[in-house]
Amino acid sequence: MNAHAADATTVEEGLAIQQEKAKFDTKAATDLAMQNTLLTPRFYTTDFDELDAIDVSPVREDWDALLARMKADPNKGHFKKNEDWDAIDWEGMEPELKKEFLDFLISSCTAEFSGCVLYKEMKRRGTNKDICELFSYMSRDEARHAGFINDALREAGVAVNLGFLTKEKKYTFFRPKFIYYATYLSEKIGYARYITIYRHLEAHPEHRFHPIFKWFKEWCNDEFSHGEAFALLMRTDPKITQSFANKLWIRFFLTAVFSTMWIRDHARPRFHEALGVDIDWYDQEVFRKTSTIARQVFPVELDLDHPRWRRGLDAMDRAFRAMDRAKARGGPAGLAGRMMAGSRAALAFVSLYTIPVKKNDVPESVRLEPAY
Ligand SMILES: [Fe+2]
Ligand SMILES: [Fe+2]
């Protein structure tokens with residue numbers, strides 16, 4: 001088959017090409033993607049009618065400029081293997097690294113696809129021209145991203161069955177404002193993660209143990225634009241970010257999303273070692289970039305230099321490790337261990353959540369360009 005998802009102009013076309021290849025996809029990778037824990041990427045659904053009712057007139061000028069760029073589709077054709085794609089010896093890869101790297105790819109693919117499914121559904125259900133157009137471009141991009149990771153996984157003899165995932169994975173309901181906070185953050189974190197790794201490997205190419213990292217620069221620009229769209233959506237109504245209750249929610253999402261990333265990354269020591277990346281440094285760096293960008297729209301910012309910040313993250317990480325060990329032990333002792341670890345994790349979260357935040361006056365103009 002010659003068609004490639006990277007050239008598809010719509011999400012439907014991209015997914016149909018993916019589905020053609022799905023007969024090669026493995027159960028093990030799909031099972032991993034199917035997991036729903038606090039830490040694995042989830043699928044979301046929302047109140048699509050409320051989202052559809054948004055009026056983007058307050059941000060019309062910025063909106064039209066951003067959508068014109070998405071329509072021009074600068075990354076069409078980018079997400080496919082070319083002569084830069086070096087052959088990888090999966091068989092010869094050190095087993096622990098291979099395990100962690102596959103886990104990284106499968107969870108990234110699931111996260112990309114989670115965006116694809118949510119955006120595609122919004123596009124399908126909506127009647128608002130502006131909203132439908134935005135979500136058609138974003139779902140198109142995420143289908144390519146997920147498909148490209150799956151192409152990389154297939155070389156290792158595993159891949160995620162995306163069609164199966166759409167039908168069978170559990171969906172978590174979030175009200176639209178929570179979708180804005182969570183999705184805005186995950187798009188901007190995605191940008192910060194991809195660009196930080198890309199820049200690091202640009203300086204240290206000897207650590208680039210897989211070709212997929214070469215694609216991260218254009219990739220992160222897609223994520224940056226997606227984040228911009230959510231920033232504009234939040235700016236259509238000041239209440240979404242400025243009310244007292246919503247400031248607390250934003251603080252909650254920042255704490256939850258950052259601490260989840262910390263725990264997930266620290267579970268992959270071999271992978272980061274192979275990249276030549278110190279996980280503590282990398283995560284703090286990604287948090288810093290994300291926080292700086294988020295000043296465009298969030299009225300509060302976490303204090304990443306507060307002494308309780310790192311202590312709290314480490315405590316959360318230890319609690320989650322203890323929970324895993326207790327789960328593996330099983331039986332009444334395991335159950336007791338899980339409850340203990342669960343309350344330790346909750347305490348650590350409260351300690352992080354109650355660190356005083358920094359106040360931020362959002363700028364007059366919301367739009368930003370990728371600067372890292
Ligand atoms: Fe993406
Ligand atoms: Fe995205």
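Trainee: Which residues of H15 are buried?

Mentor: Please note at the outset that this is a predicted model. An α-helix has 3.6 residues a turn, so residues three or four places apart point the same way. In helix H15 (residues 331-353), the buried residues are Ala341, Ala345, Ala348 and Leu352.

Trainee: What covers the buried residues of H15?

Mentor: The cover includes H11 and helix H14 (307-329).

Trainee: What span should the 23 residues of H15 have?

Mentor: One counts 1.5 Å a residue, and H15 should therefore span 33 Å; the C-alpha atoms at its ends are 33 Å apart, in agreement with that expectation. Helix H9 (residues 216-235) may be treated in this way too: its 20 residues should span 28 Å, and its end C-alpha atoms are 28 Å apart, which agrees.

Trainee: How many of the residues of H9 are buried?

Mentor: In H9, 17 of the 20 residues are buried, and the helix is thus described as mostly covered.

Trainee: How is the packing of H14 and H15 described?

Mentor: Two packed helices are described by the angle between their axes and the distance between the axes. For H14 and H15, the axes come within 8 Å and cross at roughly 165°. Because angles over 145 degrees count as roughly antiparallel, H14 is roughly antiparallel to H15. Their crossing is left-handed, and the residues of the contact comprise 14 nonpolar, 6 polar and 5 charged.

Trainee: At what angle do H1 and H6 cross?

Mentor: Helix H1 (residues 11-21) and helix H6 (residues 129-155) cross at roughly 20°, their axes coming within 8 Å. That angle makes H1 roughly parallel to H6. H1 passes H6 in a left-handed crossing.

Trainee: Which residues of H1 and H6 meet?

Mentor: From H1 there are Val11, Gly14, Leu15 and Gln18, and they meet Ser136, Ser139, Arg140, Ala143, Arg144, Gly147 and Asn150 of H6.

Trainee: How far apart are the axes of H8 and H11?

Mentor: The axes of helix H8 (residues 176-203) and helix H11 (residues 244-266) are 10 Å apart, and the packing angle is about 40°. H8 is therefore oblique to H11. The crossing of this pair is right-handed. On the H8 side, the contact is made by Lys177, Tyr181, Ala182, Leu185, Ser186 and Ile189; on the H11 side, by Asn246, Trp249, Ile250, Phe253, Leu254, Val257 and Met261. These residues divide into 10 nonpolar, 2 polar and 1 charged.

Trainee: Let us turn to single residues. What is the phi of aspartate 73?

Mentor: Most residues other than glycine have a negative phi, and most peptide bonds are trans. The phi of aspartate 73, however, is near 55°, a positive value in a residue other than glycine. Aspartate 73 lies in the loop between helix H4 (60-72) and helix H5 (95-125). With 13 other C-beta atoms within 10 Å, aspartate 73 is partly exposed.

Trainee: Why does arginine 288 count as partly exposed?

Mentor: Arginine 288 counts as partly exposed because it has 14 C-beta neighbours inside 10 Å. Arginine 288 is found in helix H13 (residues 279-294).

Trainee: How far apart are arginine 288 and alanine 192, in sequence and in space?

Mentor: Along the sequence, arginine 288 and alanine 192 are 96 residues apart; in space, the C-alpha to C-alpha distance is 9.0 Å.

Notes:
Residues numbered from 1 in each chain as written. Chains lettered and ligands numbered in written order. Predicted model: local features only at pLDDT ≥ 70, side-chain atom pairs only at ≥ 80, totals over all residues. Axes fitted to C-alpha atoms, helices over the stretch in contact; angles between N-to-C directions. Helix = DSSP H or I, 4+ residues; strand = E, 2+ residues; numbered from the N terminus. Parallel < 35°, antiparallel > 145°, perpendicular 65-115°, else oblique. Left-handed = near helix turned anticlockwise from the far one by under 90°. Contact = placed C-beta atoms within 7 Å. Nonpolar A, V, L, I, M, F, W, Y, C, P; charged D, E, K, R; others polar. Expected span 1.5 Å × (residues − 1). Buried ≥ 20, exposed ≤ 12 C-beta atoms within 10 Å, placed from the backbone.
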